[in-house]
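Q: Could you walk me through this model, beginning with what you mean by your terms?

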Amino acid sequence: FYKSADQDMPLNSSDVVTSSSDQQASGRQGTVYRSGNVSIPLLTSTERKSLESAFLDRGLILPFYLDLWDNSHADFLPLYGRFASSLSISHLQEGDTVSFDFQEVN
């Protein structure tokens, strides 16, 4: 798709932290990853069907590359991750909007 989503993909952590009564922290260090909601507006019917096909093919388990920032690869590389929710599709006169949750994987 040649549409920029112009949105952020926040950093998250899977660290497990335990705080003592005097607020000392200990725990298990996890992984830092990106995840968030992606909304791609004004898609043609063909583009929407391509996203639906990718969802049917990959499901919630198989990863794929997501490139939200195709005009700024110097700052933001494509992400390797998976669909983390179902697709939400809104049909508008100007075009379709597809939204889904995405989670980066290692």
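A: Let me begin with burial: a residue is called buried under 20% relative accessible area, exposed over 50%, and partly exposed in between, with a 1.4 Å probe and protein chains only. By that rule Arg 48 is buried, because its relative accessibility is 12%.

Q: Before we go on, what should I know about where this comes from?

A: This is a predicted model, in which local features need pLDDT of at least 70 and side-chain atom pairs count only at pLDDT 80 or more, while totals for chains, interfaces and linings use all residues. Residues are numbered from 1 along each chain as its sequence is written, and side-chain values use heavy atoms, with hydrogens and water left out.

Q: OK, how many helices and strands are there, and in what order do they run?

A: The protein has 1 helix and 8 strands, and from the N terminus on the order is β-β-β-β-α-β-β-β-β. Helices (H or I, at least four residues) and strands (E, at least two) are DSSP runs, numbered from the N terminus.

Q: Back to Arg 48, which salt bridges does it form?

A: Arg 48 forms a salt bridge with Glu 52, the closest N and O atoms being 3.1 Å apart, and another with Asp 96 at 2.5 Å, N to O. A salt bridge here is a side-chain nitrogen of Lys or Arg within 4 Å of a carboxyl oxygen of Asp or Glu.

Q: And where does Asp 96 lie relative to Arg 48?

A: Asp 96 lies in strand S8 (residues 96-104) and Arg 48 in helix H1, so this pair ties together parts that are 48 residues apart in sequence. Both Asp 96 and Arg 48 are buried, and salt bridges with shared partners join Arg 48, Glu 52 and Asp 96 into one network.

Q: What about Glu 52, how far is it from Arg 48 along the helix?

A: Arg 48 and Glu 52 are separated by about one helical turn, because they are 4 residues apart in helix H1. Glu 52 is partly exposed, because its relative accessible area is 25%.

Q: How many salt bridges does the count come to?

A: The count comes to 3 salt bridges, one of which joins Asp 57 and Arg 58, with the closest N and O atoms 3.4 Å apart. Arg 58 counts as partly exposed because its relative accessible area is 27%.

Q: Switching topic, how does S8 pair with S7?

A: Strand S7 (residues 88-91) and S8 pair in the antiparallel sense over 4 bridges, where two strands pair if DSSP finds at least two bridges between them. Ser 88 has Ser 99 in S8 as its bridge partner. S7 and S8 form a hairpin with 4 residues between them, and Gly 95 in the turn has a positive phi of about 155°.

Q: What makes up the largest nonpolar core?

A: The largest nonpolar core has 16 residues, and those with the most contacts inside it are Met 9, Val 38, Leu 66, Phe 100 and Phe 102. Strand S4 (32-43), H1, S5, strand S6 (79-83) and S8 each supply at least two residues of this core. Such a core is a set of buried Ala, Val, Leu, Ile, Met, Phe, Trp, Tyr and Cys residues joined through side-chain atoms within 4.5 Å.

Q: Last one, where is Leu 62 found, and is it buried or partly exposed?

A: Leu 62 is found in the loop between helix H1 (45-58) and strand S5 (64-66), and Leu 62 counts as partly exposed because its relative accessibility is 40%.
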